[in-house]
Amino acid sequence: MQHWILFAFLPYLIHGAHVRAPAPVSDSEVQEISEAIYAADVNRAVSEDIVLNLQHQIPSSQIKEGQDYANQRLFSYVNEEKLFSKPTFARLRDLLNNYDRMAGIAEIVTSDEDQEINAFLDEIFKTQVIDKLCYFFLSKGYYSSKAEFKNDMKQMWFGLYSRAKGVLDSSGFEHVFHGEIKGGIISGFHNWVHLYMLEKQGQVNYLSYSYDGPWTRFPDILAFQYKWSNYLKSLGSFFVGSSPEFDIAIYTLCFKTRPDKLCNIRLGGKASQIQTWTWTKSFYGDGGKYVASSYPNSP
């Protein structure tokens, strides 16, 4: 009898902590947890913290032209003293100077940079935003513990893989939160904090916008056209005014429950969608999947 019990549980012992497949997640459940994450985002900006100067809106037919319709900056004002002093924002900013934006150049993660990654994860895991997501994943059987979820979060977002020339030059975090240059254009780049920082430094030239979501407070979803140095982003969609923990939580929710699909969410009573993409050319651990990209879908 004892031998039979050991044999029955052997596959679970071999494959690790996941003793059962995750339970199905309905669209209504995704929308419910996305609303809970939105409500828990106490670190997000309020209306007076950010002033945008959108200027000219272009139709979808013109997004690839790269014409500059804006003679002023996108961000007229950001309350840096308030927002960027918050621990999760501060830890995010620590990470943004760790990457070479050019695809094909290997990323070397130093011990200091690894500590910055861990510090960022430590801070976001103190928030109610990540608590809500973690509890949801545990209830559905995606993970057996908060520690397991945290470890997988690090792997799926910060684990390195190769986008060009066979070198470890990219990660989900770099692609989504920092942005990359590949094939002469901007690839990825869906984080408003980095966009603001680069525009303030004179490295980003805002051109126009093509979408402004229905939200009257932050976070809002917008789509911009801009240049980073001389490299064009013809359609870059962003949450604006959200906290770092909100962005990564919403993206992770959709990446795990609706990989490579449009993920229907609700935020403050308004419907939206997230598009996620899975990296398929390499894996971590026992078939773990890296984030290739994730971003709000702009109509």
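**Overall content.** I started with residues 26–299, where the chain is 35% helix and 23% strand. The end C-alpha atoms of that stretch lie 23 Å apart. I kept in mind that the model is predicted. I then checked the record: UniProt, in an unreviewed entry, lists residues 26–299 as "domain: EndoU".

**Sheet β5-β6-β7.** Next I looked up a sheet. I found 3 strands in an open sheet, in the order β5-β6-β7, with antiparallel pairing. Its edge strands are β5 (204–212) and β7 (231–240), and each of them pairs on one side only. From one strand to the next, the twist averages 30°. I noted for myself that strands of a sheet pair through backbone hydrogen bonds, either parallel or antiparallel.

How many bridges join β6 to β7? I read 8, with β6 spanning residues 220–228 and the two strands running antiparallel.

I turned to the loop between β5 and β6, where P219 is found. A cis peptide bond joins F218 to P219, with omega at about 0°. I flagged the bond because most peptide bonds are trans.

**Q55.** I placed Q55 in the loop between β1 (50–52) and β2 (75–78).

**Second largest pocket.** I went back to β7 by way of a pocket. The second largest pocket has a volume of about 190 Å³. It is lined by 14 residues, and those closest to its centre are H190, K233, L235, S237 and Y295. Two elements give two or more residues to the lining: β7 and β10 (291–296). The largest share, 4 residues, comes from β7.

**Aromatic pairs.** Last, I looked up ring contacts. The structure holds 31 aromatic pairs. I opened one of them, F120 with F158. How are the two rings of F120 and F158 arranged? They are edge-to-face, 6.3 Å centre to centre, with 70° between the planes. I then traced the pair along the chain. F120 sits in helix α5 (residues 111–124) and F158 in helix α7 (residues 146–158). The pair links distant parts of the chain, 38 residues apart.

Notes:
Residues numbered from 1 in each chain as written. Predicted model: local features only at pLDDT ≥ 70, side-chain atom pairs only at ≥ 80, totals over all residues. Heavy atoms only, no water. UniProt positions renumbered as here; feature names shortened; annotations may be inferred. Pairing = 2+ DSSP bridges. Axes fitted to C-alpha atoms, helices over the stretch in contact; angles between N-to-C directions. 1 Å grid on protein atoms, 1.4 Å probe; cavity = no way out; pocket = protein on both sides within 12 Å on 5 of 7 lines; lining within 4 Å. Points joined across faces, edges and corners; volume = space filled by probe spheres on them. Phe/Tyr/Trp six-rings, centres within 6.5 Å; stacked < 30°, edge-to-face > 60°.
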